[in-house]
Amino acid sequence: MTLSSPSDTINTWQESSVDGLQVLPLDCVSLDQLLLGGLERGVITKVYGEAGSGKTTMCLQAARECVKKDFQVVFLDTEGVSVKRLRQLCASQEMMQTVLDHMKFFSPTSFAEQEEVLKEVFHHEHVGLVIVDTMNLLYRLALEDEFDSARRGFIRQMSTLQLNARLHNAWVLIAEQVYTDKKGVIQPFTHKDTGHMVKTMLRLDKLQGARRKAVITKHRCQPEGASAVFSLSQGGLE
Ligand SMILES: Nc1ncnc2c1ncn2[C@@H]1O[C@H](COP(=O)(O)OP(=O)(O)OP(=O)(O)O)[C@@H](O)[C@H]1O
Ligand SMILES: [Mg+2]
């Protein structure tokens, strides 16, 4: 085994992308500024927030933008994703067709099946982005059946995502539902077990009407609490 110095490791990582892309812009100015360009590559980004806060819209928009960069996208859907909404996000029928041609959808119906799917998604050719919307729905059901084994399964699944994101230099975006803790703070459903495996965490808050606020709750190069306001529109996040 050859040992490398930390500076070698950093250089290798920075230069490891043959296409030169390290972030995936979401094509939403305020969010992209907040994220220092977009979703970070090779790590897990988690977006969480209450119902209707825009999690799925962000996932679909990230998929659209990733397809524009000519990557394949895998979308693990536990919620019943709306094709109609994806169509709204695509400016034309041609764009919609291109997006569909570059996307593979999986709809696991059990937590065990989700794990099996996650093990193989990174092996699809030219996968740039893996999306899980949402990461916790089937987990929540599994917890009710068998608490300890569900928790172990969740950690395994997150480890699979983390390792493969790095190995394949892929973007990984997971959405999570929330609960309100004893202090009244909105928390992602699974934070405690695996917070360290996620490098960017973004909470989406509902403001008035279509306006939403994205708040950084974890980032490697941005302070916690940094935020950006955007709107949900027919065309997605603006
Ligand atoms: N065509 C549209 N034009 C404007 N806003 C829209 C349109 N379609 C959906 N929305 C907005 O997006 C919201 C739904 O966003 P989204 O599905 O991304 O939320 P979510 O966080 O994934 O919610 P959930 O937790 O229920 O899955 C709606 O409540 C509405 O405010
Ligand atoms: Mg959703």
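Visitor: What covers the buried residues of α6?
Guide: In this predicted model, the cover over the buried residues of α6 includes β4 (72-77), α7 (137-145) and α8 (147-167). The buried residues in question, in a helix that runs over residues 111-120, are Phe111, Gln114 and Leu118.

Visitor: How do you know that the buried residues of α6 line one face of the helix?
Guide: Seen down the axis of α6, the buried residues fall within an arc of 50°, and therefore they line one face. As a rule, an α-helix has 3.6 residues a turn, so residues three or four places apart point the same way. On the face turned away from the buried side, α6 carries the exposed residues Glu116 and Glu120.

Visitor: What puts the buried residues of α7 on the same side of that helix?
Guide: The buried residues there are Leu138, Tyr139 and Ala142. They cover an arc of only 100° around the axis, and so they sit on the same side of α7. Their cover includes α6 and α8.

Visitor: Why is Leu34 called buried?
Guide: The term asks for 20 or more other C-beta atoms within 10 Å, and because Leu34 has 22 such neighbours, Leu34 counts as buried. Leu34 is found in helix α2, which covers residues 29-34, and, leaving aside neighbours within four places in sequence, Leu34 is in contact with Ala214, Ile216, Ala226, Ser227 and Ala228. The C-alpha atoms of Leu34 and Val229 are 9.6 Å apart in space, although the two residues are 195 residues apart in sequence.

Visitor: Why is Lys104 called partly exposed?
Guide: Residues with 12 or fewer neighbours are exposed and those with 20 or more are buried; Lys104, with 14 C-beta neighbours inside 10 Å, therefore counts as partly exposed. Lys104 has its place in strand β5, residues 103-106, and, apart from neighbours within four places in sequence, Lys104 is in contact with Gln72, Val74 and His124.

Visitor: How do you know that the radius of gyration of the chain agrees with that of a compact globule?
Guide: For 238 residues a compact globule would have a radius near 18 Å, and the chain has 17 Å, so the value agrees. Along its principal axes, the C-alpha trace spans about 55 × 45 × 35 Å. Buried residues make up 36% of the 238 residues, and among contacts with a separation of 6 or more, 69% join residues 24 or more positions apart.

Visitor: What makes up the largest nonpolar core?
Guide: That core has 54 residues, and those with the most contacts inside it are Ala62, Ala63, Leu129, Ile131, Val172 and Leu173. Its largest share, 7 residues, comes from α3. Not counting residues up to four places away in sequence, Ala62 touches Leu24, Leu26, Leu39, Leu129, Ile131 and Leu173. In soluble globular proteins, nonpolar side chains tend to be buried together.

Visitor: Which residues come nearest to ligand 1, and which helix gives the most to its shell?
Guide: Of the 15 residues around ligand 1, Ala51, Gly52, Lys55, Thr56 and Thr57 come nearest. Helix α3 gives the most to this shell, with 3 residues, while α3 (55-68) and β12 (227-233) each supply at least two. By class, the shell has 3 nonpolar, 10 polar and 2 charged residues.

Definitions and conventions: Residues numbered from 1 in each chain as written. Chains lettered and ligands numbered in written order. Predicted model: local features only at pLDDT ≥ 70, side-chain atom pairs only at ≥ 80, totals over all residues. Near = placed C-beta within 6 Å. Helix = DSSP H or I, 4+ residues; strand = E, 2+ residues; numbered from the N terminus. Nonpolar A, V, L, I, M, F, W, Y, C, P; charged D, E, K, R; others polar. Contact = placed C-beta atoms within 7 Å. Arc of directions from axis to C-beta. Rg over C-alpha atoms; globule rule 2.2 N^0.38 Å. Core = buried A, V, L, I, M, F, W, Y, C linked by C-beta atoms within 7 Å.
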